[in-house]
Amino acid sequence: MPDRVIRDELLTSERYWSVGIEAQRLFVHLLLNADALGRFSGKNYTIRSACYPGIAVDPKLIEKLLLDLHDADLIRLYEDP
């Protein structure tokens, strides 16, 4: 996992503030888990285990938060061919 610096510009991002606090939290956790190209698995279990270790999180909540982040153009969802 590459070292990440979360820049202070995040705090003035309209897209970041357009989502709820739980989506913001997931976004930061995804940033910290992504590879050097910004990619991370979209599998629900993988996200829950990497971003919320030891915490029971409803899989439906993860799906909702991912859609919120996608709709705000903070993440891009794609399928590996």
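## A buried asparagine

Asn 44 is buried in this predicted model, because its relative accessible area is 17% and the limit for counting a residue as buried is under 20%. Asn 44 belongs to helix H3, and once residues up to four places away in sequence are set aside, Asn 44 touches Pro 59, Ile 62 and Glu 63.

## The nonpolar core

The largest nonpolar core is made up of 19 residues, and those with the most contacts inside this core are Leu 26, Phe 27, Leu 30, Ile 47, Tyr 52, Leu 66 and Leu 69. At least two residues of the core are supplied by each of three helices, namely helix H2 (21-33), helix H3 (44-51) and helix H4 (59-71), and the largest share, five residues, comes from H2. In soluble globular proteins, nonpolar side chains tend to be buried together.

Phe 27, one of the residues with the most contacts inside the core, has a relative accessible area of 9% and therefore counts as buried. When its neighbours within four places in sequence are left aside, Phe 27 is in contact with Leu 10, Tyr 16, Leu 69, Leu 74 and Ile 75; among these partners, Leu 69 is itself listed with the residues that have the most contacts inside the core.

## The aromatic pairs

Two aromatic pairs are present in the structure. In one of them, the ring centres of Tyr 16 and Trp 17 lie 5.3 Å apart with the planes at 80°, so this pair is edge-to-face, given that planes over 60 degrees apart are placed in that class. The two residues can also be described by their accessibility: Tyr 16, at 9% relative accessibility, counts as buried, whereas Trp 17, at 48% relative accessibility, counts as partly exposed.

Another pair joins Tyr 16 to Phe 27, whose ring centres are 6.2 Å apart and whose planes meet at 55°, so the pair is tilted. Because Tyr 16 lies in helix H1 (residues 14-17) and Phe 27 in helix H2, this pair ties together parts that are eleven residues apart in sequence. Taken with the pair between Tyr 16 and Trp 17, these ring pairs link Tyr 16, Trp 17 and Phe 27 into a cluster.

Methods
Residues are numbered from 1 along each chain as its sequence is written. This is a predicted model: local features need pLDDT of at least 70, side-chain atom pairs count only at pLDDT 80 or more; totals for chains, interfaces and linings use all residues. Side-chain values use heavy atoms; hydrogens and water are left out. A nonpolar core is a set of buried Ala, Val, Leu, Ile, Met, Phe, Trp, Tyr and Cys residues joined through side-chain atoms within 4.5 Å. Buried means under 20% relative accessible area, exposed over 50%, partly exposed in between (1.4 Å probe, protein chains only). Helices (H or I, at least four residues) and strands (E, at least two) are DSSP runs, numbered from the N terminus. Contact means heavy atoms within 4.5 Å. Rings of Phe, Tyr and Trp (its six-membered ring) pair if their centres lie within 6.5 Å; planes under 30 degrees apart count as stacked, over 60 as edge-to-face and the rest as tilted.
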